[in-house]
Amino acid sequence: MKECPIIIDLKLDEKSLKAIEEIKQIYNLKKIGRYALFMGHIYSIFGGSVKRVASSSGVSTVMNAIPNGTAKEVLNGAGKVVISEANQTSYNIYMANWEYFYQSFDAFDKIAQERIEFIAFNQGQAHISKPKEYKFWKAIYLGCKYNAK
């Protein structure tokens, strides 16, 4: 990316301000989408285990052993549940499709960038008769990067 040009006395019209708001929404949606993807992936690995453990026969065995079982039986049953759950979580981490996860994560950037380029291109075309606004939108389209020193 190149540095953004300095445009002195730039005044954006209503169309441009709406386009900037749309770009802000795209960035916010990208953040929300990435968060939702991340949380869904984490839940698929760890979250399902809460349901499995609560409904598995291991918990039932432990709970049934408490009223009339010895401490050794209770601890033995609880140990089996913990080991089983650790094994299941390890398996879930191993089986998770990390390649697709990262590709999906990166896709949010690509989709957002394409949409921003589309908006900037259209705004540039709409403001061709206004040199400063045109220069602004052309720079956005080309992916300029603001560098505050």
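**Helix packing and the nonpolar core**

Leaving aside neighbours within four places in sequence, Ile 116 is in contact with Ile 23, Ile 26, Tyr 27 and Ile 140, where contact means heavy atoms within 4.5 Å. The model is a predicted one, in which local features need pLDDT of at least 70 and side-chain atom pairs count only at pLDDT 80 or more, while totals for chains, interfaces and linings use all residues. Residues are numbered from 1 along each chain as its sequence is written, and side-chain values use heavy atoms, with hydrogens and water left out.

Ile 116 is found in helix α4. Helices (H or I, at least four residues) and strands (E, at least two) are DSSP runs, numbered from the N terminus. With a relative accessible area of 5%, Ile 116 is buried; buried means under 20% relative accessible area, exposed means over 50%, and partly exposed lies in between (1.4 Å probe, protein chains only). Ile 116 and Ile 20 are 96 residues apart in sequence, and 9.4 Å separates them in space, C-alpha to C-alpha.

The protein as a whole has five helices and zero strands. Read along the sequence, its pattern is α-α-α-α-α. Of its 149 residues, 23% count as buried. Among the contacts in the protein with a separation of 6 or more, 80% are between residues 24 or more positions apart.

Ile 116 is also one of the residues of the largest nonpolar core. A nonpolar core is a set of buried Ala, Val, Leu, Ile, Met, Phe, Trp, Tyr and Cys residues joined through side-chain atoms within 4.5 Å. The largest such core has 10 residues in all, namely Ile 7, Ala 19, Ile 23, Ile 26, Ala 112, Ile 116, Ile 119, Ala 120, Phe 136 and Trp 137. At least two residues of this core are supplied by each of α1 (14–55), α4 (98–126) and α5 (131–141). The largest share, four residues, comes from α4. In soluble globular proteins, nonpolar side chains tend to be buried together.

Two packed helices are described by the angle between their axes and the distance between the axes. For α4 and α5, the axes come within 8 Å and cross at roughly 155°. This angle makes α4 roughly antiparallel to α5, since angles over 145 degrees count as roughly antiparallel, under 35 as roughly parallel, 65 to 115 as roughly perpendicular and the rest as oblique. Axes here are lines fitted to C-alpha atoms, for helices over the stretch in contact, and angles run from 0 to 180 degrees between N-to-C directions. The crossing of α4 past α5 is left-handed, a term used if the near helix is turned anticlockwise from the far one by less than a right angle, with right-handed used if clockwise.

On the α4 side, Ile 116, Glu 117, Ala 120, Phe 121, Gln 123 and Gly 124 meet Tyr 134, Trp 137, Ile 140 and Tyr 141 in α5. By class, the contact of α4 with α5 has seven nonpolar, two polar and one charged residues. In this scheme Ala, Val, Leu, Ile, Met, Phe, Trp, Tyr, Cys and Pro count as nonpolar, Asp, Glu, Lys and Arg as charged, and the others, Gly among them, as polar. Leu 142 is found in the segment after α5 and counts as partly exposed at 45% relative accessibility. Leu 142 and Glu 117 are 25 residues apart in sequence, with 7.8 Å between their C-alpha atoms.

Helix α4 also holds Phe 108, which is partly exposed, with a relative accessible area of 26%. Not counting residues up to four places away in sequence, Phe 108 touches Lys 30, Gly 33, Arg 34 and Leu 37. Phe 108 and Lys 31 are 77 residues apart in sequence and 8.5 Å apart in space, C-alpha to C-alpha. Lys 31 lies in helix α1 and counts as exposed at 56% relative accessibility. The C-alpha atoms of Lys 31 and Asp 109 are separated by 9.6 Å, and the two residues are 78 residues apart along the chain.

Asp 9 lies in the segment before α1. Although Asp 9 is not a glycine, it has a positive phi of about 60°. Asp 9 is exposed, with a relative accessible area of 51%.
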